[in-house]
Amino acid sequence: MNMRLLPYLRLSAAGLALAALLGHPSVFAQTAGTPPAASATPGEGQRVPQRLGLQTCIDIALQNNLTLRQSQIQLRNSELQLRQARLNRLPNVGAFLTQGYNSGRNINPVTNAFVDQGVLSNNFQASVQATVYNGGLLQNTIKQNDLLRQSNEATVKATENNVILTVIQQYLNVLTGQEQLVVAQRQRDVSVAQLDRTQKLVNAGSLAEAELFVIRATIANDELAIVNAQNTIELAKLALLQAMNVPAGGPTTSSFEVETVNVPDPTVTPYGTTSDDVFGVAQQYMPDVRAADLRVKSDAFGVQVARASLFPVVTLNGNLSTLYSNVGLQRRFDLGTVTNIDQTILVNGIPTTITTQQPNYRFENYTFFDQLGNNLNRSVSLQVQVPIYNRSLARTRILSAQLQQQNSEIAAANTRLQLRQNIETAYTNLRAAGNRYQATLAQVTQLERAFKVSESRLNAGALNSTDYNVAKGNLDRARAGLVQAKYDYVFRIKILDFYQNKPLNF
């Protein structure tokens, strides 16, 4: 099977290594989804299939894991903050209206004259405010929140890594236990066959009957080894269910099986890359490192956001208002007729009558919409707010943001330190696992030869059952150890391969 590391590799090296080791490339497709409803209880009442594959286990664990759900909610929150930061660049538009009725002596809101009657009035106003300059606060806030969103996105990937790693480790433990159970059952079958041969030798008088009791005791020990292996599998299955956050429910651990995966016997060869080279490649792909670096950049913009409070704020304001009153001004219409008005005046002491003509008019109230149009008022203003003294609040914010940035830088350095140490540990563990596998393989080979000799001598009556049991017990323990050594060694190789973004070949 050939499988290449996909370009969107963001899983931890350990989790991906185990995924590749067990032959499930679909593990790479895990992405952060929409967080489930907070009221749901993950895993409650959930039933697992009768036969579980690795991908199914991973899917269930990612669905039920509470830590991952928290990370997804945090990511969603950072996306909302980024969206709001972008919307803050838009003008702020508002409107309000009032309607009132006053009785008695009041002021006409249109003429500002006193009237002694009930006044019904409306006031309408709309305003808009746009930020022209605020020291780069808006743009830097957008950049800060965007980097924070990317950091939380990487954190989700890192959390997925931990979930996947835990599930695969428990899955691997089940497989290891099953393989050890097969070894124990084979050894029991060997003992049963030896009992049959010993019985024949006793019947023929070649061996004492006491040898039968020794072989039967050996079979009892083999049965105990089988029971222990079964118990180990049950415990491993329980740990797998707990990693998936699925309640065991009593006998649940016995109600499902995991799909077996054939891992070929490895060939131990020196690893061709140093730990420094592995670290140089790994820090480019690990989501933990990416999340830490992005948070440092985000906090750097946070300092710029805090500095914006030292600069003036320039805003452009617009206002539109109008009003209506039921006792407002009236409109006048010329009737086309006149009224003669006689008036007596003195001209050089002589009374003289003068007739004047006055046009006749008709008055009526302005309509509601006419008043709104007549009373319309518009205004535009440019406002500059200059900070002079605010009890050192701005300086304190800047210092706090700088300390947060320094803390993020230390956290990023610590993340890289842990990554380097993990790689160095994995590199050392690989050498140790290789040495252990070689030694265990050689031990099994020699013990198998010794056991065949002991078995032949026992059949020929030249060896007692006690020595035979010692040889068989040594071989049983060595074979069980070889199973663990094989998985451990292959696992260590895949860890370093994934740290280097190498293609995987099986």
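Reader: In which strand does glycine 94 lie?
Author: Happy to start there, with the reminder that this is a predicted model. Glycine 94 itself belongs to strand 3 (residues 92-102).

Reader: How far apart in space are glycine 94 and valine 128, C-alpha to C-alpha?
Author: Along the sequence, 34 residues separate glycine 94 from valine 128. In space, the C-alpha to C-alpha distance of this pair is 6.3 Å.

Reader: Does glycine 94 count as buried, partly exposed or exposed, and why?
Author: Buried would need under 20% relative accessible area, and exposed over 50%. Glycine 94 has 30% relative accessibility, so the class is partly exposed.

Reader: Thanks! Which word describes how helix 3 lies to helix 4, by angle?
Author: Helix 3 (residues 66-87) and helix 4 (residues 137-203) have axes 9 Å apart and pack at an angle of about 165°. Angles over 145 degrees count as roughly antiparallel. Helix 3 is therefore, relative to helix 4, roughly antiparallel.

Reader: How many nonpolar, polar and charged residues are in the contact of helix 3 with helix 4?
Author: Helix 3 brings residues including Leu68, Leu75, Leu82 and Arg86, while helix 4 brings Ile142, Arg149 and Val156 among them. Sorted by class, the contact of helix 3 with helix 4 has 6 nonpolar, 11 polar and 6 charged residues.

Reader: How do the residues of the contact of helix 7 with helix 9 divide by class?
Author: On the helix 7 side, the contact includes Val289, Ala292, Val296 and Val303. Helix 9 supplies Ile398, Ala401, Gln405 and Leu419, among them. The residues of this contact divide into 10 nonpolar, 6 polar and 8 charged.

Reader: Helix 6 also meets helix 9; which word describes that angle?
Author: Helix 6 (residues 275-282) and helix 9 (residues 393-459) have axes that come within 9 Å and cross at roughly 135°. Angles over 145 degrees count as roughly antiparallel and 65 to 115 as roughly perpendicular, with the rest left over.

Reader: Is the crossing of helix 6 and helix 9 left-handed or right-handed?
Author: The residues that meet here include Val278 and Phe279 in helix 6, and Leu419, Ile423 and Tyr427 in helix 9. By class, this contact has 6 nonpolar, 1 polar and 4 charged residues. The crossing of the two helices is right-handed.

Reader: Where does asparagine 245 lie, and what is its phi near?
Author: Most residues other than glycine have a negative phi. Asparagine 245, in the loop between helix 5 (210-243) and strand 7 (257-258), has a positive phi, near 60°.

Reader: Arginine 391 has a positive phi too; is this residue buried or exposed?
Author: Arginine 391 sits in the loop between strand 11 (377-385) and helix 9, with a phi of about 60°. Its relative accessible area is 69%, and the cut-off is over 50%. Arginine 391 is therefore exposed.

Reader: Finally, what percentage of the protein chain counts as buried?
Author: The protein chain has 10 helices and 12 strands, and exposes about 28,200 Å². Of its 506 residues, the share that counts as buried is 39%.

Key
Residues are numbered from 1 along each chain as its sequence is written. This is a predicted model: local features need pLDDT of at least 70, side-chain atom pairs count only at pLDDT 80 or more; totals for chains, interfaces and linings use all residues. Side-chain values use heavy atoms; hydrogens and water are left out. Axes are lines fitted to C-alpha atoms, for helices over the stretch in contact, and angles run from 0 to 180 degrees between N-to-C directions. Helices (H or I, at least four residues) and strands (E, at least two) are DSSP runs, numbered from the N terminus. A crossing is left-handed if the near helix is turned anticlockwise from the far one by less than a right angle, and right-handed if clockwise. Contact means heavy atoms within 4.5 Å. Ala, Val, Leu, Ile, Met, Phe, Trp, Tyr, Cys and Pro count as nonpolar, Asp, Glu, Lys and Arg as charged, and the others, Gly among them, as polar. Buried means under 20% relative accessible area, exposed over 50%, partly exposed in between (1.4 Å probe, protein chains only). Accessible areas come from the Shrake-Rupley method with a 1.4 Å probe; for residues, only the protein chains shown count as cover. Angles under 35 degrees count as roughly parallel, over 145 as roughly antiparallel, 65 to 115 as roughly perpendicular and the rest as oblique.
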